[in-house]
Amino acid sequence: MYRSALVSIIVLASACKGGANAASAANSNNTASDTPVTAQTSDTGAAVAGPTSTTESQVPGSAANSAGGATAPAGPTTGATASNSTISGAPNPNRVPNEMGRIMVLEYHLITDHNSAYARERGQFRKDLELLYDRGYRPVNMSDVLDKKLNLPRGLSPVVFVFDDASPEQFRYIDNNGKLDIDPTSGLGIWLDFGKTHPDWNNKAVYCLLSGASAGHNFFGDRGIQGQKSNWRFQKVKWLADNGFELCDHTLWHAQLSKYPDAFVQEQIARNVLAIDSAVPGYKIRSMALPQGLWPKNRALASKGSWTNPKTGKTVSYDWPVVFEVAGGPMRSPYDPAFNPGSTPRIQVIGNAIEAMINKLERSGNMYISDGNPSVVARPAAGATTTAATKH
């Protein structure tokens, strides 16, 4: 048991490290390999698996240099409500619409008490939200991008938040004499508090989940880690789905898919689908995030495959359009003929990566800015002083 726990901790402690170092473009295909591990659900009563560095990196994420490149029971009381289908917000007539421009997909991991490559300090996370809001960004789900339902007021830009690894630092409960409240110091607690003073900041973000990893990365906390009870796990996943957030597959226990045969890859992905369906029956997953940005040898299996349970004979299939890379810069507009959600690049939120990317997109004039009219697609005209529009 202890060996299993140690293996899983090591796997998750290096989560996305290899991919972050290797992925320098949107279509990275790292095939590094080492000895396969066999751990599935593991136990740990010690520290949470994941980064522990307390040194803040001042270097923007690798994507910051890529702008414009080619490439249950009743939920706890929080005051939050499900998002409206139409995104609200104050229009900004000073920004020239361009619905062919790039969209930032931000990649977060731990929301905690320090900054590092895979952790964002709580106060800094709040500042990220404030920066984006003040610069005219509003959150959308990846499904909104896929369905071309970016119904923002004129002058605002969409941004997709993606949270990897399902840690309690992202979503933690506090038990107040039998009443569950969302911990205001967790990432979700900070998000909801921000929404109280910014009513057009909707509950839209993608959570890429692990369901069979160590206790610290198992549907937001398992077996007492950080005070989280096992029977809260499925309730948290359901709360997210019920309140407007999007669920995403991240494999069962963060397996580096490049190391394993096809059957193992499909089992890792499909068994996680089964776990998510157990929490939210009938939920349609539309995306997965590659652990460490590593593609399986058969790349097609990242988006489509199946696994048959040898005990029950039941087959679980998966088929989705979105595969999140670990880095690569902002993604193309869904109206761009080169839009490829099957290889969706992201921006690792390290140091000042967000501000650097916003500045670069603004300088290049290549950022998605809504025209406020869902029936047409705004295209910048020569000189970017006026816009041309075509019907959707």
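In this predicted model, Y108 has a relative accessibility of 1%, and because buried means under 20%, Y108 counts as buried. F125 has a relative accessibility of 0% and therefore counts as buried by that criterion.

A pair of aromatic rings is described by the distance of the centres and the angle of the planes. The structure holds 24 aromatic pairs, and Y108 and F125 form one of them, with 5.2 Å from centre to centre and 80 degrees between the planes. Because an angle over 60 degrees counts as edge-to-face, the pair of Y108 and F125 is given that description. The pair links distant parts of the chain: Y108 lies in strand 1 (residues 104–108), F125 lies in helix 3 (residues 122–134), and the two are 17 residues apart.

R138 lies over the face of Y133, at 3.7 Å from the ring centre. The charged end of K236 sits over the ring of Y173, at 5.4 Å from the centre of that ring.

The next topic is helix packing. Two packed helices are described by the angle between their axes and the distance between the axes. For helix 3 and helix 5 (residues 187–197), the axes come within 10 Å and cross at roughly 40 degrees. Helix 3 and helix 5 are therefore oblique to each other, and their crossing is right-handed.

The strands complete this account. In strand 13 (residues 322–328), 7 of the 7 residues are buried, so strand 13 is largely enclosed by the rest of the structure. Strand 13 pairs in the parallel sense with strand 10 (residues 287–289), over 3 bridges. Within this pairing, M288 has V323 of strand 13 as its bridge partner. Strand 13 also pairs in the parallel sense with strand 14 (residues 344–348), here over 2 bridges. The bridge partner of F324 in strand 14 is T344.

How values were computed:
Residues are numbered from 1 along each chain as its sequence is written. This is a predicted model: local features need pLDDT of at least 70, side-chain atom pairs count only at pLDDT 80 or more; totals for chains, interfaces and linings use all residues. Side-chain values use heavy atoms; hydrogens and water are left out. Rings of Phe, Tyr and Trp (its six-membered ring) pair if their centres lie within 6.5 Å; planes under 30 degrees apart count as stacked, over 60 as edge-to-face and the rest as tilted. Helices (H or I, at least four residues) and strands (E, at least two) are DSSP runs, numbered from the N terminus. Buried means under 20% relative accessible area, exposed over 50%, partly exposed in between (1.4 Å probe, protein chains only). A charge sits over a ring if NZ of Lys or CZ of Arg is within 6 Å of the ring centre and within 35 degrees of the ring normal. Two strands pair if DSSP finds at least two bridges between them. Axes are lines fitted to C-alpha atoms, for helices over the stretch in contact, and angles run from 0 to 180 degrees between N-to-C directions. Angles under 35 degrees count as roughly parallel, over 145 as roughly antiparallel, 65 to 115 as roughly perpendicular and the rest as oblique. A crossing is left-handed if the near helix is turned anticlockwise from the far one by less than a right angle, and right-handed if clockwise.
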